[in-house]
Amino acid sequence: MSGLLARLARTRAVVRGAILVERLWPLVLPFVVVTSLFLSLAWFGVFRFLPDWVRLGLLALLAIAALASLLPLRLFRMPVASQIDRRIERANLLEHAPVSVQSDRLAGSGDGDAFASALWREHQKRMAERLSRLHGDLPQTSVPERDPWGLRAVAALLFVTALAYSTGPYGGRIADAFQPPARTDVAPARVDAWVTPPPYTGRAPIYLTADANRERRDFAVPQNSIVAVRVSGGSGEEALSFIDAGGAERAIEPEGGADPAGGALRFSKTLSGAGTVSLADGGREVERWQFSVVPDTPPEIRFTEEPRRAVNGTLELAYEIEDDYGAVGAEALFALPEPNPDAQPLYEAPEMPLSLPRRGNRDGAAAKTSRDLREHPWAGLPVDLTLSARDAAEQTGESETRTFVLPQRPFTNPLAQALIEQRRILALNRKEQPRVLALMDALIMWPEETFDEPSHFLLISAARSRLGAADRDETLRAVVDELWEIALIIEDGDLTAAERRLRQAQEALRQALEEGASDEEIERLMDELRTAMQEFLREFAERAMQNQDFAESQDGETMRQSDLERMLDQIEELAKSGARDQAQDLLSQLENMMNNLQAGRSQQGQGGGQQSEMRQQMDRLGEIMRRQQEMMNETFRLDQQQRGQQGQQGQQGQQGQQGQQGQGGQGQQGQGMSPEELAEALRGLQEGQGGLRGDLQSLMEGLEGLGIQPGEGFGEAGEAMEGAEGALGEGQGERAVGEQGRALEALRRGAQDMMNQMQQAMRGQQGEGQQGGRQDRAGRDPLGRPRATTGPDFGDSVDVPDEIDTQRAREILEAIRRRLGDALSPELEREYLERLLDMQ
C-alpha cells in the first residue's frame with residue numbers, strides 16, 4: 001500500500017507541473033516574444049544605427065508591449081488537488097474516481113459503524129488495484145489555437161540568429177539601446193600597439209596587442225620608452241590621449257596629420273612618467289593601457305683606490321661605475337687648486353677619458369685606466385681630480401674630489417731639468433715669455449761649459465729664436481712642445497720616440513675597440529702595434545747592449561718575443577670574434593707588461609739553490625696546465641667532429657649511389673677523419689691524459705720534498721684527470737671536456753696555494769721591498785708576469801676565452817649575420833639584431 005501511495009504522489013507532482021505549464025505558458029509567451037525581439041534588435045546592432053528619437057521611440061514601444069503582455073498573468077490560478085486527481089483519472093481513462101477514493105473519507109462519523117468502515121476499506125482496495133499502471137499527462141497549451149500561423153517561430157529564429165551574429169566583429173550589444181546612437185562607420189579593423197625601450201637599455205620591445213598581453217593592462221617600462229599605436233582600416237578619426245598620474249589628459253597628435261596617405265593612423269608618445277594611454281573612436285574607448293615608468297637613475301662613480309703613479313710614470317686610476325643600464329662615457333676632470341687669476345695659460349686642463357667596466361663583468365663595476373700625462377705642462381703640479389660618468393640619457397654623476405701631485409717624468413740631466421722648468425712657466429702664463437727668454441739666453445751664454453753635445457746647443461738656440469719671434473698663442477704652444485722634445489733628446493736619446501710610437505699605437509687600438517671599429521680597421525691597427533713593438537724592443541735591446549749595468553739588471557729574466565706575438569694574435573682573434581671586452585682586458589695586460597719592461601731597468605736579479613728548485617717545480621706546473629688546456633681543446637674539437645659525422649649518417653643513408661660517389665670526396669675532405677680514426681684519436685688522448693696525471697703525481701712528490709704540502713686543488717685535479725681518462729676510453733668526448741675543465745680549474749687553485757706557501761717559506765730570505773714604483777713591481781718580471789720565485793702566470797689575472805669559447809662566439813655571430821641577411825626579416829627584428837652586434 002505504501003508503494004502505491006508513493007507512485008500516486010509522483011504522478012500527482014508530474015501532473016501538477018503539466019497543469020502549471022499549460023496555464024502559465026500562454027500567459028508568459030507574449031512577454032517572452034517581446035523580450036526576444038528587443039534582444040534580437042540589440043544584437044543585430046539596430047540600435048547603433050538608429051537616430052536618437054527613433055531609438056527612444058522603439059524602446060518605449062517595446063516597454064509598453066512588455067507591460068501589456070504581463071497583464072494576462074492576473075488570470076493565473078494554481079491547480080488544486082481535486083483538479084489534479086480528475087486530470088489523472090481522465091488521462092488514464094479511470095471510472096468511478098479511483099484516485100479520489102484513496103484520499104476521500106466516509107461522510108459523517110463512520111467510526112461507530114464497523115460494517116460501513118470495512119465496506120469502505122474494501123472499496124478503496126478494489127479501486128487501488130486499478131492504479132497499478134498509473135501515468136501522468138503532458139501539458140496541453142492553447143498556443144497553437146491562438147497562433148495558428150506559427151509566428152512565434154519567427155521570433156525564436158531571429159533570437160538564435162542574432163545571438164550568433166553578436167559574437168562577430170560587427171555584432172551589437174544590449175548597452176547600445178541605452179547609449180547615444182553609434183557611428184555608421186565600422187570599428188577599426190586592426191590595432192597594433194607596442195612599446196620600444198631606449199636602445200641603451202638592451203630591452204626587447206613589448207607588443208601590447210600580442211595574444212600573451214591582451215589580458216594585461218599594466219606594464220612597467222624603462223623611462224623614455226616610446227609607445228607607438230597604429231590603427232589601420234578604421235574610420236580615420238581615432239584619437240589617442242595620455243592621462244598622467246595627476247589625471248590631466250593630453251591628446252597625442254597622429255604622425256603625418258589626421259588624414260594619412262596610406263589609410264592608417266600612427267601615434268607615438270615618449271613615456272617620461274607614469275600614466276595611461278587610451279585609444280578612442282567617436283567617444284567610445286577602444287583600448288586602454290596603463291604604464292608605470294622605471295626611472296633612469298644618474299650614474300655613480302667613485303674611487304676605489306687613491307690616484308697613483310704607475311711604475312712607468314703614467315697616472316693610474318681605479319674606480320667603480322654603477323648605472324642601471326651602463327654608462328656610455330666617463331672622464332677625469334682636472335683643476336688647479338689655486339689658479340692665478342691674472343695668468344694667461346696656453347693650455348687647458350689635461351683630458352683623460354676613462355675606460356668603462358665591461359657589462360656582465362664578474363668583478364662588478366670596477367675598472368682601471370692609465371694615461372701618460374707626463375708631457376702635459378701641468379705634470380708635477382698639485383691638481384684637484386674629479387671623476388665624471390655619463391649615461392645614454394645624458395645624465396652625469398661625479399665622484400668626490402681628490403688632491404694630489406700629477407705624475408711627471410723624472411729628468412736627471414740638469415740641462416733637461418732647466419728646460420722643463422722654463423717650459424712649465426711659459427705654459428702656465430704667456431706673460432712670462434720675457435723671463436723665459438732671459439733664462440734661455442743664460443743657458444746658451446757659455447756653450448763650452450754647459451753643453452756636452454753640440455747638437456743640444458743648436459736645438460736650444462733654434463728654440464730660443466722661435467720663442468723670441470712668437471707673438472701668438474699657437475706659436476708659443478709650438479715652442480713649448482719643442483722644448484719637451486729637446487729635453488727628451490738630452491735625457492734619453494732616441495728611445496723615447498719608439499716608446500711614444502708604441503704608446504700611440506696602443507691608445508689607437510684601445511679607442512677602436514671601445515668604439516666598435518670594423519675588422520679591417522682592427523687588423524690595420526694591429527699591424528701598426530706589431531711594428532711599433534718590434535721597433536721598441538729592438539731599441540730596448542740595443543740600449544741593454546750599450547749599458548752593461550742595465551743588461552745585468554735583467555739577470556735570470558727571459559723576455560721572449562714569441563710571448564708578445566702570441567698575445568697580439570690573441571687580441572686580434574678576440575676582437576674579430578666579437579669579444580671586444582676580453583680584447584680590451586688583454587690589451588691592458590699587454591700595456592702593463594710593456595710598462596713594467598720600461599720600469600725594470602734597475603731591477604736586480606735573485607738567485608739561490610732552493611729558489612731554483614722551486615722555480616723548476618713551478619715551471620713544471622705551468623707546463624702541466626698548458627698541456628691540460630691544449631688537451632681539452634683537442635678533445636672538444638674531436639667531439640664536435642664526431643657529432644657532425646653522426647648527424648650526417650641519416651642523410652647519407654637516404655642518398656643514392658650516384659650521390660654518394662659525387663659527394664664522397666667532399667665529405668672526406670670536410671671531415672678529415674673516419675669514425676675509426678676519431679675513436680683511435682680519442683684513445684690516444686686517453687694515454688696522454690694518463691701521462692699527464694702521472695706528471696701531476698710526480699710534481700706533488702717533488703713539492704713534498706721541498707717542504708710544501710700540496711693543496712686540495714691538486715687532489716681534485718687528479719680525480720678529474722682520472723675521470724677524463726675514463727671518459728676518453730669510452731669515447732664520451734663531452735663528458736671528458738667537462739672533467740678536463742674541472743681539472744684545469746683545480747690546478748689553478750692548487751697553484752695559488754702552492755705560491756702562497758712558497759712566499760711564506762722565502763719571506764725570511766727576502767728583504768723589504770723597495771720604495772715607490774719598485775714596491776708595485778715586487779715579484780714581477782719586466783713583462784709584468786710573476787717571477788720564477790713566485791710562480792708562472794696561471795691565467796687568472798685576465799679572463800681570456802679559450803678556443804672553445806671563441807668558436808662558440810663565432811657561431812653566434814654567424815647566426816646573427818645570416819638572420820640580418822634575410823630580406824624577409826621584420827624591421828623590428830633587424831633593428832634588435834643590429835643592436836646586438838653594436839653592443840659593447
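Two strands are said to pair if DSSP finds at least two bridges between them. Strands (E, at least two residues) and helices (H or I, at least four residues) are themselves DSSP runs, numbered from the N terminus.

The structure above is a predicted model, in which local features need pLDDT of at least 70 and side-chain atom pairs count only at pLDDT 80 or more, while totals for chains, interfaces and linings use all residues. Residues are numbered from 1 along each chain as its sequence is written, and side-chain values use heavy atoms, with hydrogens and water left out.

The protein contains 26 helices and 18 strands. Of its 840 residues, 39% are buried; buried means under 20% relative accessible area, exposed means over 50%, and partly exposed lies in between (1.4 Å probe, protein chains only). A contact means heavy atoms within 4.5 Å.

The strands may be considered next. Strand β12 (residues 315-322) pairs with strand β15 in the antiparallel sense, over six bridges. Within this pair, Ala 318 stands opposite Lys 368 of β15. Strand β15 (residues 366-371) has two faces: Ala 367, Thr 369 and Arg 371 form the covered one, whereas Ala 366, Lys 368 and Ser 370 form the uncovered one.

Another group of five strands forms an open sheet with mixed pairing, in the order β3-β9-β8-β5-β6. Its edge strands, β3 (218-222) and β6 (249-252), each pair on one side only. Neighbouring strands of this sheet are turned against each other by 30° on average, direction ignored. In this sheet, β8 (residues 275-281) and β9 (residues 284-294) run antiparallel and are joined by seven bridges; Gly 275 has Phe 291 in β9 as its bridge partner. Strand β5 (residues 238-244) also runs antiparallel to β6, with four bridges between them, and Ile 243 stands opposite Glu 249 in β6. β5 and β6 form a hairpin with four residues between them, and Gly 247 in the turn has a positive phi of about 95°.

Thr 403 lies in strand β18 (residues 402-405). Thr 403 counts as exposed because its relative accessibility is 54%. Leaving aside residues up to four places away in sequence, Thr 403 touches Pro 337, Val 383 and Asp 384. Its C-alpha atom is separated by 9.8 Å from that of Glu 306, which is 97 residues apart from Thr 403 along the chain.

The helices complete the account. Two packed helices are described by the angle between their axes and the distance between the axes. Axes are lines fitted to C-alpha atoms, for helices over the stretch in contact, and angles run from 0 to 180 degrees between N-to-C directions. The axes of α9 (residues 414-428) and α10 (residues 433-443) come within 9 Å and cross at roughly 165°.

Helix α21 (residues 675-705) packs against helix α22 (residues 712-729) at an angle of about 165°, with the axes 8 Å apart. These two helices, α21 and α22, are therefore roughly antiparallel to each other. Among the residues that meet are Leu 682 and Leu 685 in α21 and Phe 714 and Ala 717 in α22.

Definitions and conventions
Angles under 35 degrees count as roughly parallel, over 145 as roughly antiparallel, 65 to 115 as roughly perpendicular and the rest as oblique.
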